[in-house]
Amino acid sequence: MKADDLLHPTRKGLYCPPGDFYIDPVGKVDRALVTHGHADHARPGNRAVMATRETLDIMAIRYGEDFCETRQVAELGKTTTIGDVTVSFHPAGHVYGSAQIAVEWKGMRIVASGDYKRRRDPTCAAFEPVKCDVFITEATFALPVFRHPDTAAEVEKLLVSMRRFPERAHIVGAYALGKAQRVIRHVREAGYDKPIYIHGALKKLCDFYQHEGIELGELRPATIETGKKGDFAGALIVGTPSAFADKWARRFPDPVASFASGWMRVRQRARQRGVELPLILSDHSDWDELTQTIKDVEAEEVWVTHGREEALVRWCELQGVAARPLHLVGYEDEAE
Ligand SMILES: [Zn+2]
């Protein structure tokens with residue numbers, strides 16, 4: 001039996017013939033298993049969806065309650081049978097509710113990890129390595145030059161700048177699901193207890209996180225219409241990447257443009273976005289996390305997808321681990 005018989009890439013995403021389901025399908029399918037709520041992995045319009053309770057809630061918030069016909073909650077660590085296949089979900093450490101999906105059939109286990117990271121995130125459960133025969137890994141930052149710096153030091157850069165420029169508004173661009181809440185939570189952990197202002201597009205998800213017990217402190221709408229421009233002097237404002245690029249961000253008093261992303265490691269990207277204060281804060285694994293994880297799961301074979309596949313495939317081969325790129329389409333690095 002080949003691993004491809006259990007799971008293989010198709011135009012609609014990773015397909016499992018003996019279970020007749022897709023993982024994170026990019027096209028509409030009858031049965032989808034979804035790793036996490038980012039828009040490139042969780043799409044509306046599938047008939048049946050299985051995901052963690054948190055991811056199902058996030059999909060309902062983003063797409064409406066009718067995002068699918070039937071929902072099935074995947075409890076972490078519990079096995080379920082679908083067709084001839086046993087599936088189980090395990091924490092991925094990427095965003096709230098994110099999971100890796102393990103599929104087993106005839107003694108072979110493949111783990112589709114979705115997006116994942118290994119470093120601490122106070123807004124979600126930590127990644128758990130699952131031993132497997134084939135490990136499917138993301139490759140967003142799969143080059144040795146990508147080594148994410150210490151998180152606390154990045155957050156401190158923001159706080160230092162706020163102390164240095166108390167009359168300026170600090171506007172942090174961050175993706176709406178995961179990154180925005182993580183930035184806010186890290187800032188709270190560092191002792192910042194004033195209200196934090198958020199763009200309207202972040203409200204529903206921030207409310208959801210708070211409701212789930214992830215304490216984000218006092219959040220207020222960053223609506224300039226209701227206040228005078230000067231009201232935001234010295235304020236910390238968090239907005240989505242699209243709002244950040246928009247005129248919205250320039251309405252605030254003498255703003256310090258900041259952006260929280262793994263891509264801020266690349267100076268040119270920061271410059272292109274007009275970012276004055278880049279914060280290198282990623283929800284994806286860096287090179288060391290990727291290679292450590294491949295060692296941890298002890299897979300005989302590694303499939304590499306969405307990102308810089310070649311370098312990681314080459315690294316695996318040098319370690320004596322069979323590896324190949326999957327060439328799945330439709331997954332962007334937008335969420336970074
Ligand atoms: Zn993601």
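1. Ground rules. This is a predicted model, in which local features need pLDDT of at least 70 and side-chain atom pairs count only at pLDDT 80 or more, while totals for chains, interfaces and linings use all residues. Residue numbers start from 1 along each chain as its sequence is written.

2. The seven-stranded sheet. This open sheet runs E7-E8-E9-E10-E11-E18-E19, with mixed pairing. At its edges are strand E7 (79-82) and strand E19 (322-325), each pairing on one side only. From one strand to the next, the twist averages 25°. Strands (E, at least two residues) and helices (H or I, at least four) are DSSP runs, numbered from the N terminus, and two strands pair if DSSP finds at least two bridges between them.

3. Strand E10. Look at residues 108-112: four of the five residues of E10 are buried, so the strand is largely enclosed by the rest of the structure. Buried here means that 20 or more other C-beta atoms, placed from the backbone, lie within 10 Å of the residue's own.

4. E10 and E9. Strand E9 (residues 99-105) pairs with E10 in the antiparallel sense over five bridges. Trp105 has Met108 in E10 as its bridge partner. Two residues sit between the strands of this hairpin, and Lys106 takes a positive phi near 50°.

5. E10 and E11. With strand E11 (residues 134-139), E10 pairs in the parallel sense over three bridges. Val111 is opposite Phe135 in E11, and Ala112 is opposite Ile136 in E11.

6. Helix H8. This helix (residues 287-297) lies across E10, E11 and strand E18 (301-307), at about 170° to E11. For such angles, axes are lines fitted to C-alpha atoms, for helices over the stretch in contact, and values run from 0 to 180 degrees between N-to-C directions. Contact means that the C-beta atoms of two residues, placed from the backbone, lie within 7 Å.

7. The six-stranded sheet. The order in this open sheet is E14-E13-E15-E12-E16-E17, with parallel pairing. Strand E14 (219-221) and strand E17 (277-279) are at the edges with a single partner strand each, so one side of each has no neighbour in the sheet. Neighbouring strands here are turned by 25° against each other on average, direction ignored.

8. E12, E15 and helix H3. Strands E12 (residues 170-173) and E15 (residues 236-239) run parallel and are joined by four bridges; Ile171 stands opposite Ile237 in E15. Helix H3 (residues 151-164) lies across E12, E15, strand E16 (256-260) and E17, and runs at about 155° to E17.

Terms used. A residue is buried if 20 or more other C-beta atoms lie within 10 Å of its own, exposed if 12 or fewer, and partly exposed in between; C-beta atoms are placed from the backbone.
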